[in-house]
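Thanks for coming. I have one structure to go through today, so please bring it up on your screens.

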Amino acid sequence: MSYPKKNIYSTGEKNAIVGGMLYLVATPIGNLADLSERALKVLSEVDFVAAEDTRNSGLLLSRFGISKPLISYFEHNKRERGEIIADRLEKGESCALITDAGTPAISDPGEDIVRLCAERGIPVTSVPGACAAITALTLSGLATGRFAFEGFISGNKNDRRERFAELEKERRTMIFYEAPHHLRQTLDDFLACFGDRKITLCRELTKLNEEVFRTTISAACEEYKTREPRGEYVLVVEGYSGTEAAADYPESIEEHVALLEAEGMSRMEAIKACAKKRGVPKSVVYDAVNR
Ligand code: SAM
């Protein structure tokens, strides 16, 4: 694929709405007061708004007294709807894209429409604002100088393990989005794959029940044994520091169990001993050797 010949453009006068422009408008991730003055102006003045969830976004707009034609743009219609939006932009209309919450194009279909606009030479500008990943990173107390945004973690056990294995030696601080029903499993997998490191669990950011839990992965596993995960989470995990390499056992759980078996233990004894040594639940080791 190649871009149109001239794909350098100026997004123009920042205070006036420009026809033919796509505006990525960040919306609050919880606290409505985080909607910026510029976001309100753009939302009030564009020709139409494309929204991931037209019902939620309609409520948000009406809360601010804005009435605009809304068109839905979400994961399952993004291909066909993206083309329609791009056609309208090419005809000179202006459009604001808002997604469920936060900054469009971060773990949502915004990414695809920006790519489409780039391919078709349609100008795009951004009205920045809240982003859960950056909000969590800044609150984490972990290194912020270099970080890796990892987005959502797959619900599929093998995909997840594979991804964490790739990240085992990642030195940058890592940021993950997580749903409450997967949290416990993810924490167990973090412990198995990354060892015991610092982690900050950020929940319900900017909302009434905002919580920032700075702890270690093993302590987070313990905490959530008895506590029901609730709300939306961003998990910020300390990068690899190199100290884990000093461990006197193989890096992979499978090799660790195999080594113990070679030393004469039965499979179950090896699983127990491996779990104890690594400070992880037996089920994590059992799953790793039986997948
Ligand atoms: N585009 C958004 C952004 O800029 O952060 C992210 C959209 S993604 C579909 C939604 C995920 O972001 C949630 O599952 C959660 O992990 C995270 N998230 C969004 N709002 C949050 C909040 N108030 N507190 C904690 N996490 C949040």
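First, the ground rules. This is a predicted model, so local features need pLDDT of at least 70 and side-chain atom pairs count only at pLDDT 80 or more, while totals for chains, interfaces and linings use all residues. Residues are numbered from 1 along each chain as its sequence is written, and side-chain values use heavy atoms, with hydrogens and water left out.

The protein has eleven helices and ten strands; these are DSSP runs, with helices being H or I of at least four residues and strands E of at least two, numbered from the N terminus. The C-alpha trace spans about 75 × 45 × 35 Å along its principal axes. Of the 291 residues, 41% are buried. Buried means under 20% relative accessible area, exposed means over 50%, and partly exposed is in between, with a 1.4 Å probe and protein chains only.

Now the ligand. The space that the ligand takes is the largest pocket. A pocket here is an open set of points on a 1 Å grid over the protein atoms alone, with protein on both sides within 12 Å along at least five of seven lines, and a molecule sits in a pocket if more than half of its atoms lie within 2 Å of the pocket's grid points. Strands β7 (173-178) and β10 (233-237) are the elements that give two or more residues to the shell around the ligand.

Which residues come nearest to the ligand? Out of 18 around it, they are T103, I106, Y177, L205 and Y233, where being near takes a heavy atom within 4 Å. By class, the shell has ten nonpolar, three polar and five charged residues. Nonpolar covers Ala, Val, Leu, Ile, Met, Phe, Trp, Tyr, Cys and Pro; charged covers Asp, Glu, Lys and Arg; the others, Gly among them, are polar.

As for individual atoms, an oxygen of the ligand is 2.6 Å from an N or O atom in the side chain of Y177. A ligand oxygen is also 2.8 Å from a polar backbone atom of T103. On the nitrogen side, a ligand nitrogen is 3.5 Å from a polar backbone atom of E204. The protein covers 91% of the 580 Å² of accessible area that the ligand has on its own, by the Shrake-Rupley method with a 1.4 Å probe.

A105 is not a glycine, yet has a positive phi of about 85°. A105 is in the loop between β4 (95-98) and α4 (110-120) and is partly exposed, at 26% relative accessible area. T206, also not a glycine, has a positive phi of about 70°. T206 is in the loop between β8 (198-203) and β9 (211-216), and is partly exposed at 21%.

Is D189 buried or exposed? D189 is buried, because its relative accessible area is 0%. This residue lies in helix α7 (residues 183-194), and its side chain makes a polar contact with the side chain of R160 at 2.8 Å. A polar contact is a pair of N or O atoms within 3.5 Å; within protein, one must be able to donate a hydrogen and the other to accept it, and residues adjacent in sequence count only if both atoms are side-chain atoms.

Last, T54 lies in helix α2 (residues 54-63) and counts as partly exposed, at 31% relative accessibility. T54 and R278 are 224 residues apart in sequence and 48 Å apart in space, C-alpha to C-alpha.

Technical notes. 1 Å grid on protein atoms, 1.4 Å probe; cavity = no way out; pocket = protein on both sides within 12 Å on 5 of 7 lines; lining within 4 Å.
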